Amino acid sequence: MYNKIIKNTIVAFAAFTLVQGCSKKEVIELTPEFSLDALSNPSSMKQVEEVLTGAYGSLRAADYFGSGSGTGSGWALMPDVMSDNLYEVSAETLANSRAMADWIFNSSTGQITSLYSAPYNTIAHANIILRDVDKFTNANNQGQSNRIKGQAYALRAMAHFDLFRFFAVKYDRSSTADLAMPYIKDFTVSTSVKPVRNNNKDYYDNIFADLNQAVTLLGNVDQAVNPASGLTRPFLDRNAVYALLARVNLYAGNWADAATAATNALNGRPLATTQSAFTGMYKQTDRGEIIWNVQFEAGQSGPSFIAFFATSNRSYFRPAPEVATAAGTTGLIQSNDLRYQAYFTNVPAAGNPTPNLAITKYRGKGTLVDGNANFVALRSGEMYLIRAEANARLGGANEVTALADLNALRAARITGYTPVVLTGTALINAIADERRREMFGEGHRFFDLKRTTRIIQRGSICGTPTSSAGNCTLAATAREWALPIPESVLGANKNLVQNPGY
Amino acid sequence: MRKLVSLLTVLMLFTASAFAQNKTVTGKVTESNGTPISGATISANGKPVGATSASGDFSVAVPTATTSIVVTSIGYNDRTVTLTGSALSITLTTADANSVSEVVVTGYTSIQRKKFSGAIANVSAQEVKKQPFGSFDQALQGQAAGVSVIANSGQPGANAVVRIRGNGSISGGNVPLYIMDGIEITAADFSSLNQGDFERVELLKDAVATAMYGSRGANGVIVISTRRGRAGTLQLNYDAQVGWSTLPQDRLVMMNSDQKITYELQRGNPYGWTTAEADSLRKVNFSWKDALMQTGMTHQHMISASGGTATSKFFASLSYMDQEGIVQTTGLKRYTARINVDNTIKNWRFGINLQAGFSKLKQTGEANTGLATPLNAIRWSNPYERDRDPRTGDFQQFGGPGYLTSGQPNGAMELFLDYNNSIQIKTVATSYLEFHFPFLKGLSARTNWGIDYTNNESTAFNDPRTAGAQARAGALSRNSAWNFRYTGTTSINYKQNFGKHEFDGGIFTEVVKSDSRNFGFTGYGFTNGFTNEAGLTAGSTANANYIPAIGGGGSRNGIQSYFGIFNYGYDSKYYLTLVGRRDGSSRFGVNNRYANFGSVGVTWSVSSEKFMENSKLFDNLSLRASIGTTGNNNTQAGDFPIPIFGRSTYAGVSGWSPGSPGNLDYRWETNRTINVGIDFSILKRRLSGSIELYDRKTLDLFYALPIDPSISGFGSIPSNFGSLRNRGIELSLRGDVLRAKDFSWTIAANLTYNQNRIIDLPTDSVVAGITILKEGKALNTLYLVPYAGVNPANGNAQYQKKDKSTTMVYTPNDKVYQGTSDAPWFGGITSSWSYKGFDLSAQLNFFLNRVQYNNDKNNVVNPTYFFDNMWVELLKEWRNPGDITNIPRPTSGATALGPSNPYQTQTTFFLEDGSFWRLRNVTLGYTVPTKLLSKTGIRSARVFVQGQNWWTGTKFQGFDPEATGVSLVGAQYPALVQTTIGLNVGF
């Protein structure tokens, strides 16, 4: 009898165990409730488009166009910080970007790793879109598909080009000896895939291929990429892709193509000519001449905390006096220039009433002073300058067109401007100066010097106690013109070749 | 003949069957100071025959032939007493960790220590209880070998960092598992638990000891048993403490006003002080430390009651604790209630334990380098500036709203106008039901279920007047999070003796499931004077600046286990433990969710052997050995190792971004532990101790395998790779130095040496900032360039190259290994004296041979920051050629005398010896003799004075060397120096 009871008990226990075993689903086979399973998604055209939204969101990363306290702002203000446009203020800096500003970075500098990763994150988004979009494309949504794909190609090309601007040793279009970066066209999660660096020629070929695809696709869409009216243009439309083409062609030295693309980009995007239209681009009070801006919504920080901490009025970096001064009577940008008011404000250091200019372009939307501002990444002013430079370099009869663009731009910016007549080197230099004025604080100076004179000589304030800079000159031969491939990435991918000198 | 031998006193009390009665034995059981012990079990011939009453008295019937009885009570050493024919007066001594007669609790089961092959340490609940910490784990420091307990923060209620036998995981969790009354409770979350309710705290260290928790026991297990009721008349206890805490000595000396002004003038007078201004400022010497800190008061009260009948017993308590921090406005208020009930009806036993706690923590930011953090302000604010302008009485803001002249936010505004609170509600409830089958003695079934529910609400308010908060007119963030976990364990157990054979085993099934949710908001626009939701202005498109941010999330995970534990003993000499288990966790890749673990342990009670019978030396000697595996599921990959997209937004539209690469093959991190132990007592038990040798090897380490971010945007993939070893020796000793009639002197000491070594890595020598992961080196090895002083000719800092030559050119390639921040040597020594009713004890703890990077010092040495206050030694910086000093010139550019001199942080200039000795606790107590109390109606009374951290010996330059991690980041909230006066009364 005992045996029977024992048996029954064991059976009962086994049954109970089984009941708990059935709850395997309840306890073990759990799936996330607050994120989307990427094994089976994106599973519709709508979700593909949502990944595109994610791709744009990735541009806001602190090391792409976003910023942290004294850090980040990779393609927004970092190229200004690393050039002669800004100087580091001894009395206010927290020295968080000292390695970058003083060109003392090396392959283990954290910011370098971030600059390497941020664009590739955008590329990963684009590759997911391009992998999946065709699965959901049919006769009824071809226009939507084109619109999504076109932007994905444009983002992929732009992110690759941005990497190239920092990490490539040289910008030569046709060099097969100089190394660019790995051009990635597939999204792969793997420990065994170890890409190699493409040479410049292949890399440019890929960028142009992607941009040309984007131009074609965005010419046949279901609805406008950006709304017809509004205060912003947060998405890459066909004008923006042309603008990117103009920029890439300028770096590549394809002068005629650069000029053509700039003209196409300017189609329907005239220069802003009033103070309110010009300033409004940065304050989100007017669309101005925006071709494309990176959108930062409320609470999503902004592009300029690396240099100016808007909520504390603290300037880690200030404009060099060669660019502008508090008096507004000397320097490249003076008070009769509508850029002066749009870019700078007298914000002295705490406890020191001496007037002092801060870079307040991105101080906030409207009248706000919270640093939450959009980054205007592509606009008509740059297109005028690209076309001017391209034509000036083509020389001959094109110099007339170049001069016309330069004078037109200046007339739009400077009160009471009298047109000038310049040719040859003087014209090219004037365009370069204008470029420094126009694109101040928009992420160009370091790259412009890199592709032209290849020398940085910081201005008069460098070497004085006011500036904490330890280095005032970057020689043409310096290795720092190209950022090193990060040590951690080299460790993970033995196929990558380090830049010379590191 | 079958004998019923049970070791669980509580259970045993009621299973004794009637037998022949021949004589009656009476007596009284007390502690050495005369306090009666109630509920102690009296056994004769291996069978329990009764228990003591509330007054400690007993009267039991035993067979005539009986010559001795055994008295046992949890928390005390067992005692065998020879019958004399007259009433017995029996004194029990408090159990210590090494007592072989002691019972050990490894969950809801218990086993006699002698028969147990696992490595285990028992911390006296008295020790844990008496120290007024807001988080009980802090009181474990120095109490047990192999267990490193370090307070990272003195903030009231802050938990300690507890590591059992070293760090076993590089990227996964290293926190031990905490079990209370058989169920898992959230680790490092104890501010709402009252340690006064604890009856036992056991630390389980090896694979056999943690066998019941094999799926989660890789980092060791801390088992807490709460107090149970005792049969007898109702007993009431009142315990109270009142005291104060103060700031420890600060070993990082900053400049005073005179020195700072001198330094500023030396650096070019950045603020342009006139001579008159400078002279006047030199005299200010304002103490930011005094302005923001205080002597904090502590008081706590607890009432507990215990009682019941033989079949139904209860314990209940209420407690209140109010501890002020040493930083003004900070502190902890805690309210707890508990009731534990145990019942026996025929063959059924059931019980329920309920605890509810509410705590309110007022905190301030710590361990950061933020300008606005008050704890940084006390170092950084210039001593010639003040918290308040003496002319207006309002906060001094010469640098603009919220700021001092230097641009440093006024720390007093940040501290007094802002607030940073968190409220915790925590409920731990467990219940069990046990059935003893009537048809087969020793066979029982048991099911134990419990929940741990925690709700945390944290609030941070930024006053609109404070630095940086004007732009959006202040900010209020409130976040609410709850975590709910249930644990259920069901088992069939069998325990029986056949002659010389003892069997004890069970098969178990266990399920643990955790769910968490959180949500919160940040609102702006505090314009109407209110600092809570009433002050919030909800933004709109017209007022985008005040648009609140909202968010939320959640997660869940679960564990399912099946296991069997089998113990066998032969002849009271040889014992064997076998454990086998299969565990599943939701946290692993679908392909590898289940894994098998097991352990085997043997014990040989050498002193029970015939050949030892006449040993003069050994009163007890036993050898233990065990080997086994346990798992860790505290992954670094979070709860879901599948590829996922996370939510993202752009331009007001919602989207998806790759969130995690996932790894469908992600699997358990496994610990393989070998343990060999010796327990001994010699010299008539005057010296007893244990020696443990262990080898803990972690395999399949959680490791984020780095990949080139170009292919996926991810920098790494969660993987299992490599191995790590902790090897060490633990020594615990306890000796009675003197044992006279009225006087006794006992010394207890424990010492641990733990050697941590990385054995295998996917990529050797991974440098991460100031540390390196290198095969053959310990985890948390610092990796810095040796600082080689200043070049007298040009004032440049110099560094030592790998070839030992000196250079002015810094390169990370010159970094060398510098030791580790995890002390390999640590322990504690406790000396206790008692004389009649007086007792005095002192505990000295030590952590040796550790180094730490002092970033707190870096913050005040970096010459860029000279607009704020600086380290006093900077006055010695190089100024002229020929100056011999250790502080380089503050400028970084190249000069005519030498090359550029950029400030470098990753050097040994900031590396400091982090070893320390600490007088952890001193207690002087007096127990009022029962004789004096007998007429007052008071059962027992004791008063005491105690102090924590009264003395610290260290070379570390800061407030407190007691910190974990490779770097002392900054804004340290040092461990409190406390003094309290306490009272325990029993009715």
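**View 1. The bridge between A:Leu36 and B:Phe645.** In this predicted model, A:Leu36 has B:Phe645 as its bridge partner in strand S30 of chain B. The strand of chain A that takes part here is S1, covering residues 36-37, and two bridges join it to S30 of chain B, the two strands running antiparallel.

**View 2. The contact between chain A and chain B.** Strand S30 of chain B, at residues 644-650, is one of the elements that give two or more residues to the side of chain B that touches chain A. In the contact as a whole, 82 residues come from chain A and 76 residues from chain B. What kinds of residue make up the side of chain B that touches chain A? Its residues divide into 36 nonpolar, 35 polar and five charged.

**View 3. The fold of chain A.** Chain A holds 17 helices and 13 strands. Its radius of gyration is 26 Å, which is close to the 23 Å that the globule rule gives for 502 residues, and chain A is therefore as compact as a globular protein of that length. Along its principal axes, the C-alpha trace of chain A spans about 115 × 60 × 50 Å.

View 4. Of the 502 residues in chain A, 55% count as buried.

Notes: Residues are numbered from 1 along each chain as its sequence is written. Chains are lettered from A and ligands numbered from 1 in the order in which they are written. This is a predicted model: local features need pLDDT of at least 70, side-chain atom pairs count only at pLDDT 80 or more; totals for chains, interfaces and linings use all residues. Helices (H or I, at least four residues) and strands (E, at least two) are DSSP runs, numbered from the N terminus. The radius of gyration is taken over C-alpha atoms; the globule rule is 2.2 Å times the number of residues to the power 0.38. A residue is buried if 20 or more other C-beta atoms lie within 10 Å of its own, exposed if 12 or fewer, and partly exposed in between; C-beta atoms are placed from the backbone. Two residues are in contact if their C-beta atoms, placed from the backbone, lie within 7 Å. Ala, Val, Leu, Ile, Met, Phe, Trp, Tyr, Cys and Pro count as nonpolar, Asp, Glu, Lys and Arg as charged, and the others, Gly among them, as polar. Two strands pair if DSSP finds at least two bridges between them.
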